[in-house]
Amino acid sequence: SPAWRRTSPQEGVTGKADVDFEQDGPIATVTLSRPDVLNAQTPAMWEELTTISRKLPGDVRVVIVRGSGRAFSAGLDLSVARSSLAELSRLSAEECAERIAGFQSAFTWLRRPSLVTIAAVQGLAIGAGFQLALNCDLRVLADDARFSMAEVTLGLVPDLGGTKRLTELAGPSRALEICLTGRRIAADEADRIGLATAVVPGAQLDAAVRDLAAAVL
């Protein structure tokens, strides 16, 4: 449709190909675009998300966040991020906190009061992927969606803004259990404990998200 403005890797918001941005009037769509690795995230992608937040056109009212391919996001790409994690360990406490705050900004802008943000979740939403979905106002899940706060399995703290939202949605006791065990949460349980706005068959995910965005507008 001519109404769509779609970025290409060469002329994107920041020129990176791992995150795509599209706008159709008041609706923007942000797509994690590393389907070959289940949209595993890197610090460079977080920089891209932060840049999108800063350059978001003022007429956007709804932001849809999704992953390309068969997963929303399998979490942190350790093959790329190991050097970043090692670097954090060499920083002072103040420098480390500042660096992590920069990472968090890629996620927490989705709670901006002037926007309504919708996560369209299919397949895995693990670790950073789960936290990205949690930072959205609404979450529409395909029936094959699986959540997990898997940072504990790597000896890491889930520090990208998701724990606050998880506690608000599921309550402190359930949130603590989810964070401490790193277990996987199926779509039907996510719906039951308040983590899903709706659960739909996978083939209906796109249509359900479009309908929700239209209803919000």
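Visitor: Which residues is Leu 56 in contact with, leaving aside its neighbours within four places in sequence?
Guide: This is a predicted model, and in it Leu 56 touches Phe 21, Ala 28, Val 63, Trp 109, Arg 112 and Leu 115.

Visitor: Nice. And is there another core apart from the one with Leu 56, or where should I look?
Guide: Another core, of 11 residues, lies apart from it, and includes Ile 27, Val 62, Ala 120 and Val 200. As for Leu 56, it belongs to the largest nonpolar core, which has 48 residues. Leu 56 is among those with the most contacts inside that core, along with Val 63, Val 121, Phe 147, Leu 166 and Leu 195.

Visitor: Which strands does S5 pair with?
Guide: With S4 (residues 62-67), S5 pairs in the parallel sense over 5 bridges. With S7 (residues 138-142), the pairing is also parallel, over 4 bridges.

Visitor: What stands opposite Ala 119 on each side?
Guide: In S4, Val 65 stands opposite Ala 119. In S7, Arg 139 is the bridge partner of Ala 119.

Visitor: Changing topic: how confident is the predictor, and where does pLDDT stay under 50?
Guide: The average pLDDT is 89, and 92% of the residues score at least 70. Residues 1-15 stay under 50, and for them the model has 26 contacts beyond four places in sequence.

Terms used: Residues are numbered from 1 along each chain as its sequence is written. This is a predicted model: local features need pLDDT of at least 70, side-chain atom pairs count only at pLDDT 80 or more; totals for chains, interfaces and linings use all residues. Side-chain values use heavy atoms; hydrogens and water are left out. pLDDT is the predictor's confidence in each residue, from 0 to 100. Contact means heavy atoms within 4.5 Å. A nonpolar core is a set of buried Ala, Val, Leu, Ile, Met, Phe, Trp, Tyr and Cys residues joined through side-chain atoms within 4.5 Å. Buried means under 20% relative accessible area, exposed over 50%, partly exposed in between (1.4 Å probe, protein chains only). Two strands pair if DSSP finds at least two bridges between them. Helices (H or I, at least four residues) and strands (E, at least two) are DSSP runs, numbered from the N terminus.
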